Amino acid sequence: MSQESSAVINHVVPVALYEQHRTIHVRSVQGTFASWRWAMVWLTQAVFYGLCWLPWNGRQAVLFDIVERKFYLFGLVLWPQDVLYLAVLLIVAAYSLFLFTAVGGRLFCGYACPQTVYTEIMMWIEARIEGERNARIKLDKQPMNAAKFGKKLAKHAAWIVVALWTGFTFAGYFTPVGTLGRDLLDFKLGPWQTFWIFFYAFATYGMAGFMREQVCKYMCPYARFQSVMFDADTLIVTYDAARGEPRGSRSRKQQRPASGKGDCVDCDICVQVCPTGIDIRNGLQYECIGCSACIDGCNEVMDKVGNPRGLIRYSTENAMQRQWSGADILRHVFRPRIMVYTAILVAICAAAAWSIAVRLPLKVDVIRDRAALAREVENEQIENVYTLRLMNTDEQPHQYLVSVAGIDGLLLAADARVSVDAASMKSVSIPLRAGADAAGKGSHPIYFDIADIDAANVKLREKTVFIMP
Ligand code: SF4
Ligand code: SF4
């Protein structure tokens, strides 16, 4: 080995493959955007925790009944055959995300994502029990003692209560929540209910209590591709480097030109309030969830040092480069891309609303008896047997009249009236008979007409075939 290569080997420095985790002690912040974030916490959690307790027509207003395979959404009862509406719902959610992201960046991440909302709740509990940022840093550095143990125990107990209630609520959207509560109190929960309550609780406790920003940075796929939805007119949380630099502390009496410094006093508050621990002064980073805590933090500092607010603010790439006013920024919100997204979203929503409004509360499946295609019965008649599966999606019982058409003299050899209970399905066997000479050999198209006896507009025609041997 040459002298040079051994020198190189001696200078090899081990590099860790993974970044070492550092605990982020987030500083609490107050301000306009913090108020908006808390308003969203209250709104989303009032809906999530409250909606499963809302009664409707003697049942739960929103229930995804997996066992019965029925989804209840207020007055709407969706069956597995209505899976199209679920697909439409997902498309609307995806398009809304595209639209809001193109307009205002990661608005969903910053204000409404469950990870953000539950982290906010867990951090609030932590601050109430362990104290503010400096007190928490001090507490974490202390060796374990009775006071520290008590605080940690209280914090984790509170987190677990929130997590378990969240898990119970989640399961309450899939099993009637009243029954679930009674089963829980009687220790009679089924295995799946137990699994989902504890799994969801564990996920809430782990992700919002411990993993926090790591979920956004390493686990969430949206963080990775959100930048493709941005353009130069997308509103993002931005540090105004032209105004802030060169950063550095200066006396309150010194005006900007005299001090030779920019408006940033390098106080680090924007980093301390950031839930992902980044420095927004380094420019747009994928770790930024757009929560605006740094805007509120910096505005507080600007107020204290007597500078105008908005050193960190919502702005766009174009606005920063071209010194646009607020009106200019607003004008560019209504750009062609946004108009196209909006038009598509409105069209999908309108089509879905129209489809739900004209949707018949009746579905019918006609299934031919495969065992005996056709057989000869009395009076030289040919009989084919069908199973009619009638689904009454209304929440009232209904009576239907069944008739057939397609071959001369084709008759039902069964009761033509079928009653179906509210939001139920009923299968009936319907034999059809026709004279042996009513049609030639082979298969002939015929039609079942099913009409609601009480509602003239509820009628359906289903096509099938009649076999002549
Ligand atoms: S909070 Fe504002 S003034 Fe303080 S370091 Fe951040 S950008 Fe500079
Ligand atoms: S830099 Fe941090 S505090 Fe500022 S918006 Fe992004 S995630 Fe929030």
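Predicted model: local features only at pLDDT ≥ 70, side-chain atom pairs only at ≥ 80, totals over all residues.

Residues are numbered from 1 along each chain as its sequence is written, chains are lettered from A and ligands numbered from 1 in the order in which they are written, and side-chain values use heavy atoms, with hydrogens and water left out.

**Ligand 1.** Select ligand 1 and its shell (residues with a heavy atom within 4 Å of it). The shell holds 13 residues, and the closest are Cys264, Cys267, Asp268, Cys270 and Cys298. Now colour helix H14 (269-272) and helix H15 (293-305): these are the elements that give two or more residues to this shell. Helices here are DSSP runs of H or I with at least four residues; strands are runs of E with at least two, and both are numbered from the N terminus.

Next, colour by class. Ala, Val, Leu, Ile, Met, Phe, Trp, Tyr, Cys and Pro count as nonpolar, Asp, Glu, Lys and Arg as charged, and the others, Gly among them, as polar. The shell around ligand 1 has 10 nonpolar, 3 charged and no polar residues.

**Ligand 2.** Which residues are closest to ligand 2? Select Cys274, Cys288, Cys291, Ser292 and Cys294, out of 13 that surround ligand 2. By class, this shell has 10 nonpolar, 3 polar and no charged residues.

**The sheet.** Show E3, E4 and E5. They form an open sheet of 3 strands in the order E3-E4-E5, with antiparallel pairing (pairing needs at least two DSSP bridges between two strands). Strand E3 (62-65) and strand E5 (76-78) are the edges; each has a single partner strand, so one side of each lacks a neighbour in the sheet. Finish on strand E4 (residues 70-73), which pairs with E5 over 3 bridges in the antiparallel sense. Pick Leu73: its bridge partner in E5 is Leu76.
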